[in-house]
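Here are a few exercises to work through with the model open beside you. Try each task before reading its solution.

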Amino acid sequence: MNTTVETDIRAFQVEIPQEKNDDLRGRIEATRWPSKELVDDRSQGVQLATLKALADYWTGDYDFGRVEARLNAVPQFTTEIDGVDVHFIHVRSQHEDALPLIITHGWPGSVIELLETVGPLTDPTAHGGTAEQAFHVVLPSLPGYGFSSEPAEVGWYTGRVAQAWSELMRRLGYTRYVAQGGDQGAAVTDDMAHQAPEGLIGVHLNLLRTALGSVAGLPAESEQEKAALDAVATFRQSGFGYFLEQSTRPQTIGYALLDSPVALAAWMLDHDTDSYYKIAGAFLDGKPTGNLTRDHILDNVTLYWLTATGTSAARSYWEGGRAAALAAGKTPPAVSIPVGFTTFPGEIFRAPRSWAEKVYPTLSYFNEAERGGHFAAWEEPELFSEELRAAFKEVR
Amino acid sequence: MSSTVETTTELRPFYVEIPDEALDDLRRRIAATNWPEKETVADQSQGVPLAMIQELARYWETEYDWRKCEAALNALPQFISEVDGLDLHFIHVRSQHEDALPLIVNHGWPGSIIEQLKIIDRLANPTAHGGSAADAFHVVIPSMPGYGFSGKPTAPGWGPERMGRAWAGLMKRLGYNRYVAQGGDWGAFVVDWMGVQELEGLLAIHSSMPGTVPADVDKATLAGEPPPSDLPADERRAWEHLLTTYKQVDYARIMGSRPQTLYAIADSPVGLAAWLLDHGDGDGQPAGGLVAGLNRITSDTGELTRDEFLDNVTLYWLTNTGVSASRLYWEYKGGFFNVKGVSIPVAVSVFPGEQYQAPRRWAEQAYPNLIYFNEVEKGGHFAAWEQPELFSRELRAAFKPLRDGGGSR
């Protein structure tokens with residue numbers, strides 16, 4: 001551990017009582033299923049056969065001790081920041097001058113998404129890289145997610161999380177660091193870049209989140225740009241429902257997310273077309289794509305279940321909606337630090353370089369990866385880690 | 001244009017018989033509910049408040065009695081008949097007055113035939129309720145496909161247009177060659193589309209949620225743009241209500257795009273109850289009329305009570321129709337409160353708690369053959385359920401011109 005760490009950082013271990021696992025198993029087995037969808041694709045939502053295969057694997061082959069074992073295999077801590085107990089994983093590289101990096105997960109993700117990147121990032125020499133590419137890695141759980149506590153008050157939008165993260169890095173003694181995020185993590189990281197806390201010297205993103213809200217002002221000339229526009233429009237037309245529901249009525253959907261494991265799994269699986277079919281393939285055909293294996297998918301769902309965070313995680317979207325309404329008409333300060341961006345081909349839309357440049361005039365790195373989707377770090381941890389090495393080469 | 005569905009099959013009497021095990025399982029699941037933390041606000045802006053749903057769940061588990069509802073249903077003549085390949089459930093109460101006007105009443109979401117139970121006797125037996133024999137209706141109340149005891153479609157296609165044709169087929173099968181139709185919520189869509197299709201025998205429709213919004217206003221509302229500047233006060237108010245309404249329909253967006261993902265409402269009774277409760281009306285979300293009902297134990301005038309609300313939720317649970325009912329939103333790709341193009345006679349009642357109060361001028365423009373228009377003093381989106389007495393009076397008054405003149409076609 002870093003010697004400047006303050007005493008209010010407490011070591012943390014996951015301990016799941018056996019009754020909780022038994023209750024989960026009992027509930028999955030007692031699931032009452034709806035009738036089958038009327039179509040042959042995902043156009044009505046998560047298909048019955050997919051979810052039944054998931055439930056069968058969950059109660060059959062899945063080891064309920066996995067979440068506990070995987071998380072306890074890495075150093076975990078909690079520390080209270082701004083009234084919330086923040087849970088985080090902190091793995092220091094053996095290379096002392098490694099670059100400190102804070103990665104923020106998204107929804108429906110958690111630190112589980114990021115576990116497989118810890119090795120390649122902190123120990124690059126064991127993963128085809130060099131010592132100069134090493135990172136000290138900090139992986140916090142968003143407030144209301146995983147083992148972080150739930151905010152009991154209004155106001156925890158991504159900007160407040162961003163402030164908490166800079167405090168966390170300060171507490172860990174990191175005076176020069178970088179930040180990374182996709183999905184909600186991209187919003188937090190983008191907020192950090194705008195806030196420009198002392199010590200933050202660069203960011204990397206794998207979702208151009210502003211474009212999901214509005215494509216106004218983004219170039220629409222090239223084929224790539226038009227394809228991205230179409231993909232955004234499709235998402236807003238048919239893939240946006242969970243976003244709106246969580247932004248407006250998180251408590252209402254939340255009752256079922258805490259009461260029915262299968263409801264929770266379905267709600268989490270129905271994120272985007274690319275990841276859905278990859279995950280469905282893992283369960284139906286036993287053919288995972290990259291690291292999106294049955295066990296890894298269920299580790300994440302099981303973590304949400306055991307921590308009973310379906311509602312509080314959904315509420316983070318409500319906070320986002322409230323913050324957007326409050327910020328309407330205000331322009332945040334421009335980003336002045338270097339920004340790296342990687343477009344993964346399976347993402348909701350493939351952000352072209354022109355869009356990334358438009359949103360981030362300080363764009364210092366741009367690349368289109370060969371493989372990977374919305375959950376890039378989860379699906380392709382090695383490739384993702386290579387992107388971070390390349391993106392942050394300059395700022396070292 | 002006129003079309004009906006071929007009538008080839010029988011009417012089978014139907015009785016509700018829920019096994020004890022299903023009720024035990026329901027109570028057991030409610031008792032085992034895993035609750036979230038309380039919402040972080042002091043109002044309903046994050047959804048159904050924890051205290052509201054917990055009190056409802058407590059009552060549901062420990063005091064509520066489904067068997068009373070079952071007995072009430074079984075006291076009515078119920079039937080199943082296959083129409084257009086699907087078993088459809090309906091209540092059919094003939095008036096003792098032989099020349100009563102046949103009427104089909106179509107419920108909506110998150111409702112069912114439970115919404116309409118209190119209007120049956122008022123409509124079929126008006127002399128017992130302050131009306132005259134000349135006000136009588138023969139009453140047909142079907143369960144929409146995918147809802148209640150009707151069959152669940154196994155292929156796409158059962159939108160409001162097809163439902164309307166099925167109802168026309170059903171009325172013909174019942175021997176009604178001249179009839180009227182009524183609807184609110186989805187029922188309003190169905191009766192509008194019945195009117196558009198000018199189905200054989202359909203004399204007129206009555207809507208409590210009419211589609212009257214002029215194209216320019218509708219477009220501006222959906223796009224979040226300002227309305228035409230010259231709107232009179234009542235139309236301006238209607239526009240403002242529509243803006244509020246469109247902020248309360250994200251449940252409809254998720255059902256319209258991802259109905260199958262709502263495994264929640266098949267597997268969790270409390271998840272289902274919260275989902276059904278969180279429907280908005282002109283007074284808020286959850287609907288003012290529903291919240292008032294949750295706090296009402298009994299009513300001499302037939303206003304909505306807590307037991308009736310739970311009758312409806314329990315019906316959804318016992319028939320496992322949350323998801324199949326949601327699919328109707330996925331089926332329908334048309335507009336909401338826009339003008340559908342109905343030229344047969346139309347009657348409109350405007351209830352003050354409805355999603356918007358249709359201004360008379362809009363109603364006249366939308367329905368060139370408007371035979372009745374009235375602004376009612378009480379009641380909301382679930383008008384028949386909330387104010388059955390007023391609602392029944394509206395139907396008597398609305399269709400009176402048709403009886404006198406025998407219809408306009």
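Two residues are in contact if their C-beta atoms, placed from the backbone, lie within 7 Å. This is a predicted model, in which local features need pLDDT of at least 70 and side-chain atom pairs count only at pLDDT 80 or more, while totals for chains, interfaces and linings use all residues. Residues are numbered from 1 along each chain as its sequence is written, with chains lettered from A and ligands numbered from 1 in the order in which they are written.

**Exercise 1.** Describe the side of chain A that touches chain B.

Step 1: Begin with the totals. In chain A, 46 residues are in contact with 43 residues of chain B.

Step 2: Find the helices involved. Helices (H or I, at least four residues) and strands (E, at least two) are DSSP runs, numbered from the N terminus. On the side of chain A that touches chain B, at least two residues each come from α9 (241-248), α10 (250-259), α11 (261-269) and α14 (310-327) of chain A. The most comes from α10(A), with 10 residues.

Step 3: Sort by class. Ala, Val, Leu, Ile, Met, Phe, Trp, Tyr, Cys and Pro count as nonpolar, Asp, Glu, Lys and Arg as charged, and the others, Gly among them, as polar. This side of chain A then has 23 nonpolar, 14 polar and 9 charged residues.

**Exercise 2.** Work out how α14(A) is placed against α10(A) and against α9(A).

Step 1: Axes are lines fitted to C-alpha atoms, for helices over the stretch in contact, and angles run from 0 to 180 degrees between N-to-C directions. Angles under 35 degrees count as roughly parallel, over 145 as roughly antiparallel, 65 to 115 as roughly perpendicular and the rest as oblique.

Step 2: Take α10(A) with α14(A). Their axes come within 8 Å and cross at roughly 155 degrees, so the two helices are roughly antiparallel. Residues that meet here include A:I253 and A:L257 in α10(A), and A:A314 and A:W318 in α14(A). By class, this contact has 7 nonpolar, 4 polar and 1 charged residues.

Step 3: Take α9(A) with α14(A). The axes come within 6 Å and cross at roughly 80 degrees, so these helices are roughly perpendicular. Among the residues that meet are A:F243 and A:Q246 in α9(A), and A:Y317 and A:G320 in α14(A). This contact has 4 nonpolar, 5 polar and no charged residues.

**Exercise 3.** Where is the cis peptide bond from A:W107 to A:P108?

Step 1: This bond has omega near 0 degrees.

Step 2: A:P108 lies in the loop between β4 (99-104) and α4 (118-122) of chain A.
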